[in-house]
Amino acid sequence: MTKWWSVIPVIVLFAFLKVSQSDFVQSVEYAYYDELQRNHEVTAVQDIVLVNIDEKAIEEEGQYPWPRKTVAKYIDQAPNNSLLVSTMIWSEADRFAGDKELSMSLSQKAVILAAAPTRQTTTNDLGIYANVSTFGKPTSTLIDYSGLLAPIAELAQMSMGVGAVSAEVDQPSGVLRRVPLLVSINGQPYPSLGLDTVRVFLGEPSYTVKNNELGMEWVRLGRQDPITTQPTAELPVAFWHEFETISILDPMPEGKVLIFGVTAEGVANPVATPMGAMYPHEIQAQQIYTLMSGIEILRPDYTRFIELLMIVLACTGILIAVYRLGTIWACVVSIALLLASPALGYYAWTTNYFFLDIVWPTVAGVVVFAQASFNKYYTTYKLKEQIKKQFGTYLSPAMVEKLQDNPDLLRLGGETKYMTFLFCDIRGFTPISEQYKTNPQGLTELVNRFLSPMTDIIMDNEGTIDKYMGDCIMAFWNAPLDVEEQEKKATKASVEMYEHLEVLNEELESEGLLPINIGVGINTGSVVVGNMGSDQRFDYSVLGDAVNLAARLEGQTKGYGVKTIVGEDTAKELYDDYAVLELDKIAVKGKTEGVTIYTVLGDFNWWNENSHLGMEEQQHEKMLEMYRRQQFDHAINLCEQLKSAFLGEMSDYYTIWIDRCEEMKSKNLPEDWDGTYVATTK
């Protein structure tokens, strides 16, 4: 059969092979995928170090597994500023009764422990692990296990996270190419060791999971960018990273992610990967850095449809070219179509790590070209070759179009929540910036030196960074997750920010730079929180009068000569733990109603022990009472007496308050004046 339509069954056959995904087809596809990984430039990673329990260590400490006391010894030797990741499973009590020593060691370090999913037992209590919140219809596409070998509670409670060590190798090749970020343990989602490590590294408290009709779409750590996954929650791992490797006997570097694993011969079993055999903890390192670096090897659910379309279009285009064009043009067009798939695959991989299988479109195109050419020229030979070029009827082959992902848009809107807000801004930023007129990069570095630790302090106190506005930080508490004692945690964050600022200013002064001064405003109230913006772009943020007031309070700190100003709803929750003083009743700019504002001196117990707090508070309250009764001279006298009170911390306030009283004396105030001061500046 030499008719053009005799080629159609060949095209259908290749399309069917792609759709059926037989073992042979997958083996070819995987081989090409592995080749892409092997040909990728090797990247040296500085932040992650593999700590090996190797032959030297076994010789030093004896038979493996080691007693927990031995492990504790090496945990103690690790730097305090490094994040330790253990791939060893401590699911049973130590037969040498060393769990207490190991627990104490873990409590002194930042450690992530491993758990092992299993299908041989059933587990209902998953122990300690990070919270996973989901939206979208839940699906059952996660890799399912009935049980979990988790670290014993005594050890898990001392860790900063526990994650599952799980992987499913591809068949029939037996090569590990992807790792699940979450697995299902008896129907409950459980994070992987690598994902939990990155969560702790980034200082995030939890995970958010987005599902669609096919399964899991992405997972997000706190407010980080979403990580796209396959419907089974599996993440293709970039295996082209190279890590520093040391023996556990060697000194461990500071400020690194240290991943502990066994490499001793006969103890650990390497696993096949696209880059060759790797030990399990090296695979964990590859997964962790894939997540940290933001590399996403994309193979979404619609990829196979694109590959099927590539086969059909390439083969159909070649078929048309061979039968409709002359010999030279048929060859040119066919070669172009044969190269189109590799070119598209190469472009998609090098620009976005979007993996397309180009083998089957290319092989199918070659077979179709060979068969169609043989048919045509055999027929032409029999009938008489007479080719008439008709450029007027020439039709160029169709181009392969890329399909775009179409996820469901997040609905705009939000919910009403009672939240606490903190605004922190650098005072007098202009003189500071003038130091860097010829060095803008230096100003950026200075701001980063300020913002980075302040951000860590807020996050350590369970706050959420909403945004940075130049040198200003906006943070909030009690969303998206509930936070107990939110007012106290926000206040604690402000106190710690000032403590760290003293250290930073000492460094700046030693460098000949101006010190940084800040003001902090804190307020609590009901607001609307959720996804705010447009259909095209939106952020998780807040709207409401309470957040606006917090910003206004921060702006008033300089005008009152205090470090921190808090609103009334915040202050009433602080009295048991903090020394709080009422400052004024003020109508901030843009408002007509007055609000009572306060300042926070610091820890209540410390102030009570180191000052005459109770007596001085009474005198302060009497001064405010005289002020509101319009007995301004009495208020001024009390202010003069109070300048040295509170260890001198409020002296600027009383100086300003004396000027306020003088100002009020010159005004014709009504007899029923309640003491509200109308602010004219923000």
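The questions and answers below go through how the terms used for this predicted model apply to its residues.

Reader: What kind of model is this, and what are the ground rules?
Author: This is a predicted model: local features need pLDDT of at least 70, side-chain atom pairs count only at pLDDT 80 or more, and totals for chains, interfaces and linings use all residues. Residues are numbered from 1 along each chain as its sequence is written, and side-chain values use heavy atoms, with hydrogens and water left out.

Reader: How many helices and strands does the protein have, and what makes a run count as one?
Author: There are 20 helices and 27 strands.

Reader: Which residues does Arg68 touch, and what makes a contact?
Author: A contact needs heavy atoms within 4.5 Å. Not counting residues up to four places away in sequence, Arg68 touches Trp90, Glu92, Ala93, Asp94, Gly98, Asp99, Leu102, Ile152 and Leu155.

Reader: What do burial and contacts give for the whole protein?
Author: Buried residues make up 49% of the 682 residues. Among contacts with a separation of 6 or more, 76% are between residues 24 or more positions apart.

Reader: How do you know that the buried residues of α5 line one face?
Author: Helix α5 spans residues 99–107, and its buried residues are Asp99, Leu102, Ser103, Ser105 and Leu106. Seen down the axis, they fall within an arc of 160°, so they line one face of the helix. That arc is taken over the directions from the helix axis to the C-beta atoms. Lys100 and Met104 are exposed on the other side of α5. The buried residues pack against α4, β3 (110–118) and α6 (153–156).

Reader: What makes β20 and β21 a pair?
Author: Two strands pair if DSSP finds at least two bridges between them. Strand β20 (residues 464–469) and strand β21 (residues 472–477) have five, in the antiparallel sense. Tyr468 has Ile473 of β21 as its bridge partner. The hairpin has two residues between the strands, and Gly470 there takes a positive phi near 65°.

Reader: Why are β5 and β10 called edge strands?
Author: The open sheet has three strands in the order β5-β9-β10, with mixed pairing. Strands β5 (144–145) and β10 (188–191) each pair on one side only, and are the edge strands. Strand β9 (residues 182–185) meets β10 in the antiparallel sense over four bridges. One of the bridges joins Leu182 to Pro191 in β10.

Reader: How do you know that Arg177 and Asp170 form a salt bridge?
Author: The rule asks for a side-chain nitrogen of Lys or Arg within 4 Å of a carboxyl oxygen of Asp or Glu. For Arg177 and Asp170 the closest N and O atoms are 3.0 Å apart, and the pair counts. Arg177 has 4% relative accessible area, so Arg177 is buried. Asp170 has 3%, so Asp170 is buried too. Both belong to a network of salt bridges that links Asp34, Asp170, Arg177, Arg178 and Glu234. The rule gives 29 salt bridges.

Reader: What separates Glu496 from Lys492, and how accessible is each?
Author: They are four residues apart in helix α14 (residues 486–510), so about one helical turn separates them. Glu496 has 23% relative accessible area, so Glu496 is partly exposed. Lys492 has 36%, so Lys492 is partly exposed as well.

Reader: What makes Ile328, Trp329 and Val332 a nonpolar patch?
Author: A patch is made of residues with over 30% relative accessible area and no salt bridge; like charges are joined within 9 Å, nonpolar side chains (Val, Leu, Ile, Met, Phe, Trp, Tyr) within 5 Å. Ile328, Trp329 and Val332 form such a patch on the surface, with about 320 Å² of accessible area together. Accessible areas come from the Shrake-Rupley method with a 1.4 Å probe; for residues, only the protein chains shown count as cover. Ile328 is found in helix α10, residues 327–352. At 63% relative accessibility, Ile328 counts as exposed.

Notes:
Buried means under 20% relative accessible area, exposed over 50%, partly exposed in between (1.4 Å probe, protein chains only).
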